[in-house]
Structure formats: C-alpha cells, structure tokens
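Work through the exercises below with the sequence and the structure in view, trying each task before reading its solution.

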Amino acid sequence: MSAWTWAVDGWIIAIGALCALSCAIPGAFLVVRRTSMLADAISHAVLPGIAVAFLLSGTRDPLWMFIGAATAGLMVTLVSSALTRIARIDSGAALGLTFTTAFALGLILIVQVADTVDLDPSCVLYGAIELAPLDSTLIGGVELPRAVIVLGAVTLLNALVALCFWKELTLMAFDPALAKTLGCRPKLMESIILGMAAATCVAAFESVGSILVVAMMIIPAATGRLFSDRLVGVIVGAIIIGFVGAISGHWVATTVAPAIIAGGRDASSAGSIAATLGVLLVIAIIIAPRRGIVVRAIHRWRLTLRIAREDAIGLLWRLEEDHRTVAEVELRTLLVLGAEIPGWLARVALIQLARDGRVDRSEAVVRLTDRGRGEGASLVRSHRLWEIYLMQRLALARDHVHPTAMVLEHITDAAMRARLAREDGATGDGAQPLADPHGRTVPAAINPRDHSV
Amino acid sequence: MSSSIAWLDYNTQVVAASAALLGAAAGLAGCLLLLRRRALMGDALGHATLPGIAGAYLVSVALGGTGKEQWVLLAGAAVGALGGVLSILVIRRGARVSDETAMAIVLGSFFGFGTALLTVIQATPGGHQAGLSSFILGHAASMVASDLRAASIVAFSCAALVVLLTKELRLLCFDDAFARAIGRPVRWLDGVVLLIITAVVIAGLQAVGLILILALLILPATAARLCTDRFSVMLPTAAVMGAVSGVGGTLVSASAPRLPTGPCIVLFAAAIFALALLFAPHRGLIVRATSSRVRGLRQ
C-alpha cells in the first residue's frame, strides 16, 4: 500500500528481472524443444533435494541446499528419461510419476526434521522474493542481496554456455536428427540444456519460488515465440517480456491488489508476477504482429473483401459480355445469389470499387470503367482457362469445374495465366481464341505479362 | 498393538475408505489420461484449482458467508480446473505452442494467481483459519464422513461413465483418427475424459493435495500398463492398485507419528509401480533382461 522505496522494491524488481534474464536462455530451448514440463519437474524436485541435503549435512548452508537441489533435479530428469527409454513409458507420464514421487518423499523427510529446523514446503513453492533483499552480503564494499549474486552468476553461466555451443544448441533445438548426422553430439547438447535448466531452477527457487520459476522459464519464451521465428529473437523477446512482467507484477502486488481486496495487504509478488506473465501472453496472442489474432483477423477480412471485389468485377464483365446492364440493387442480389457473398459485404465492395475508379455508379446502372474492364477480363480469363485445364487434364465433369475455378481464379497471376494458356493449347499469337467448356470465349490477354514466361 | 488400534480407529477407517475409493477412481481416470498421452494434464489441472479455491473463498466472504463451506471451495476448485482446461486449449491454438508448453503456462500463471490471492486472504481477519493452503499439500487427517460420501459419489460415477463408454473410450485411446473417421464424437469423448479427470482432482484435493494428485492419477495407470496390453484388463488393474495404495498408505501413515497421509499414499503407489516395473510378466525389467540374455546365448 505504501509508496515504493527503491531499497526494497527496487531490489525486488531487480531480482525478478535477473530471474527473467537467467531463465530466458534455457526457457527458449525448452519451449522450442517442446519439453516445457521439465521445468515443472525440476522445480518440484528441489524439495526432496534440500531435505536430503539437510539430513546429510545438518546445516541450512545455502551451498549444501544448492548441491542437494541440483542433484535432485538432475536425478529426476535422468530417472524419467531412463524409464522412457528402458520401460517404454510415455515420456510425460515418466516425468510426472518421477517428480511427484520425489516430491512426496521430500514432504515426508521435511516433516521428520520439522522440529529441528525451519524448512517450510510452502516457502519452496511460493518463494520469498519480498524477503530476498533483506538477505544480503558484502561484495567489494557494496551490499548486494544474495539472490542477486546467485542469479547473476547463473545468468553469466547460461550466457557463456550458450555462446560457446550456440551453433550446436540451435541445430539440436530445431533438428536433432540433422545435428546427429553432422556430429554435433545431440545427447551432450541435450544434457547441456538440461543442466542449464536445472541450475537456473535451483538458483531461482529460493528467491522466487518453484512455481514462478516455471512461469518465468516458459511463459516469456512462449510469448517471444509469437514475435520471432529466430532463436535469438525468442530469447531477446523472452527477456523483455520477463522484465515487463517483473515490474508490472510487483506493481500489481503492491498497488492494485491492496486497493481491490478489502483488508489492504500486499499480495505475493512472485505469484503476481507469474499471473501477470500469463496475462501478458494472452495480450501477445491478441496483438502479436504476424501471429496475433487481430492481425490474422485483419488479413482474413482484407482477403474476404478482395475476393468480393473481384467477384463483383467478374460478374459485371460477364453481364457486359451478354450486353446486359443492371442497377446496383440488382447487382448486389446477383452477387448474393451467385457468389454467396453477404449483402453488406457486396455493398462495401462496390463502394471500394467506385472509390478506386474501377466501377462507375454515378448513373442508374453500374458500369465498369476501362480499368475495371481490364481487370474483369483477366479474372474471367483465369476462370475459363482453369475450367478448360480442369476438364482436359484432370478429367473433371463439365458441371463440376465451375466451383473450383471460382476459387482458383482469385489466386492466379499473369504468369500462371500464360502457363495455363499454353497448357490448354492456345496458339502463341492468340489468333484462335480458346473456348471454355460452356462454349464461352476465353477473353484475350490484356495484361502484357500474360504473354511472358 | 498399536496397529490394531489403528484398525479400530473410526477416523482411520473413514480416511482409509475414502482413500481407497479415491485411489480406484484415480486409477481408472489415470488410464484414460495416460493412453491419451496427456499425463501431465493432471498436474496443470491440479495447480489450476488454487485460484478457484481462493476466489470461491473471497466470493463467499463477500456474500456474507464464512468461506469455510467445503462445497463452495470445491465448486471454486472445479471452476478453476475447467478454466485451466479451456485456457490450455485456447493457448495451444492461439500461441501455436505444444501441449506441454500450454500446460506449463497455465500451471505457472494459475498457481501464481492463486498464491497471490492466498497471501491477501491470509491477511484478512479469519482468512488464516480458513485452511485454504491445506489444499496444496492435502490434509487427509481432517477427512470426515461427508468426505467419504463425496469420494464414493465421484468414484462410482467415474466407474459408471467408464463402463458405459468403454467401447468408445477404448477407440479414442488407441486410434482417435479412426474414431473420428467412423463418426464417433471425439471432441465430446475428450471432454468426458477431462470431466472425469477434473472430478478426480477435486475429490483428491483434501486427501493428497493439488500437487500429489498427479501421482495418484498416473502411478497406478502406468503400473497397470506395464502388466497388460489389454484395455479391459488395464482399467480394473489400475483401479485395484489405486485402491490398495489408498488403504496401504493410510495404514502406514497411521502406524507411526509424523507420516503425512497424502505422501504415504503416493509412496505406496510408487512402490507398487516399482514392483510392476521389475516383475511385470512381459514388459518387466527382469523378464526382459533374462529373455535378452537367453537370446544372447542362443546366438
């Protein structure tokens, strides 16, 4: 509720951002390799790891905890992949049963030592990012939270490993079979990715909790995937999304949550950051530049409009061929019946055609302009050339070729028309016009490029 | 002497009976999950219940209730789980990611949202006593006769659904493309499977908690899969293994202090799985090791 103080909130955000930074590289590989739940498994395996480490060492020394957790994380991944390989158990099931069994074991062990030491299972799950800035050590005269040091070290390690094996790791991520043929040792690379993921999970769980590690590793990388097809792009995108998530998540926890829910206490920052990351992903799904829902909807809408416009021009050209003229209302009715276009769409298409100077609707009847007539001829030419082709080459029945040609005419350019004309047996000079299966003449090529190829 | 007291103890009987029914239902449901290759869906669903539970508490308190009514919290859990399933489907299509990634995304963000709500609730008056966090790791010792009734309803309705739809489910599990081709409503059947899983997850919240429910779903099913290749044998085998784990785990946990019931049930199931892994008739490690050695000798 209180205003942010940089000594506390600044460090919390810095720790969240560092967590995003360290998670981005292994996260991108896990998402691309489609093994995202591995992060979940490793982060749950942390619990038995620290319990066993405590039982063996008798201390809560962070180093022992780190070793125990890392060992447990690696053991879980190794055992589950061994189960998949040896006993042919489905990989998801093998992973799930290994880490839950380990987690159950960890719970029992922790209850056994609960009297002598304060190991709280829920602390492992939620983390304590709010308390992380308090646990600080002096490094070179500067007081730094331990979480910052640990996460910074893991980030450097990940970056170093990624730089050293960049080519091999990329190849492995996208095409393991090719990687093997080229001698890139995919098994070793797989282990390197696993090692990075395990080290990052273990380093991050203490400050941000195991569930936020899953969220930080997978969600930003999946979001970055929406913005880029390149691995570097995914990683950079993941880092940016992770930063934004850390800042806005902490803001939600400290400012929005107390304002909404009566009682007025800050929500857990780690939990809020994880939830915010999910919201950011949903926003990205909606507005991403090429794969977003909005962009895809706009593309679809433009395509629909273009097809409606082309259908209208084609229809006008055919009416002109029969020396008929129609009023706009009649034309719309014909479009609705013939091309199955909704009435309002036909109206919009005609307005656009008039605006672009393809159609003249200033008089009682709608007429093509010269420009519109040329395009109509090309469209009808495509249509009739396709009808001939479909009958001659694919032996389709005469009454079956029209619907297919209706679709294909919209994706046929001048070069393909020229090719089709030759396949259909047109003479080079166009002296003998072709006739379509229904006895209509194929309009002559107007577009000069129709003669090329 | 102490074990005979545990046998007679009414509470232990209630917990053991509930755990047995729950284990059987989870075994049945787990077979479907395993054969549909969606084992980890159980985990995503389990974690997704948390914001539902916390939300239900907040709504109940806002409407003047105590927030402790079990059925309100469980209804919230069901809403959370179904929201999780829908989100997985939406994210998988919208973000074009794999099943696993969509599950991890939903698991992380839903559980994060749930913990954020929990921290706020625990600061409100009465929030700390509501015991919402006991759903995370389970709290079998607090189970009473009404929980036994709930567990039996879930178990019997799951069993009834599975028996009624055996033929369709078998087709769905082994060849969904063929099922679709011959006009079976594959989407609806998948929906039924997810509904069964959700029911089991909700029923298991109290006994084993939302993290370990995954183990109860897939350990018996995987063990049964090792023992047989037949769907009609696998289902009852998994149910029996689940029930035995439920009873066995409860008795082990009652036999000594400081053994939480949920983890004991899971470890019992893991022990059964380990036995199946070693001794299963055709796919067990021992049989496979010896038969490959025999083959080696013959060459």
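**Exercise 1: The build of chain B**

Chain B contains 13 helices and zero strands, where helices (H or I, at least four residues) and strands (E, at least two) are DSSP runs numbered from the N terminus. The model is a predicted one, in which local features need pLDDT of at least 70 and side-chain atom pairs count only at pLDDT 80 or more, while totals for chains, interfaces and linings use all residues. Residues are numbered from 1 along each chain as its sequence is written, chains are lettered from A and ligands numbered from 1 in the order in which they are written, and side-chain values use heavy atoms, with hydrogens and water left out.

Task: Explain why chain B is as compact as a globular protein of its length.

Solution: The radius of gyration is taken over C-alpha atoms, and the globule rule is 2.2 Å times the number of residues to the power 0.38. For the 299 residues of chain B this rule gives 19 Å, and the chain has 20 Å, which is close, so chain B is as compact as a globular protein of that length. As a further step, its C-alpha trace spans about 75 × 60 × 35 Å along the principal axes.

**Exercise 2: Confidence**

Task: Find which element of chain B has the lowest mean pLDDT and which the highest.

Solution: Begin with the term itself, since pLDDT is the predictor's confidence in each residue, from 0 to 100. Chain B has a mean of 87, and 94% of its residues reach 70 or more. Among its elements, helix α1 (residues 2-8) of chain B has the lowest mean, 51, whereas helix α12 (residues 261-279) of chain B has the highest, 94. For the complex, the predictor gives an ipTM of 0.90 and a pTM of 0.84.

**Exercise 3: Where the chains meet**

Task: Describe the interface of chain A and chain B, including its one salt bridge.

Solution: First count the residues in contact (heavy atoms within 4.5 Å): 56 residues of chain A touch 56 residues of chain B. Next take the buried area, which is the accessible area (1.4 Å probe) that two parts lose on being put together, summed over both; here it is about 4,700 Å², with 74% on carbon and sulfur atoms. Then look for a salt bridge, meaning a side-chain nitrogen of Lys or Arg within 4 Å of a carboxyl oxygen of Asp or Glu. The side chains of B:Arg37 and A:Asp90 form one, at 2.7 Å from N to O.

**Exercise 4: A salt bridge inside chain A**

Task: State what the salt bridge between A:Arg393 and A:Glu423 joins.

Solution: The closest N and O atoms of A:Arg393 and A:Glu423 are 2.9 Å apart. A:Arg393 lies in helix α16 (residues 370-394) of chain A and A:Glu423 in helix α18 (residues 414-423) of chain A, so the pair ties together parts 30 residues apart in sequence. Over all chains, the whole structure has 26 salt bridges.
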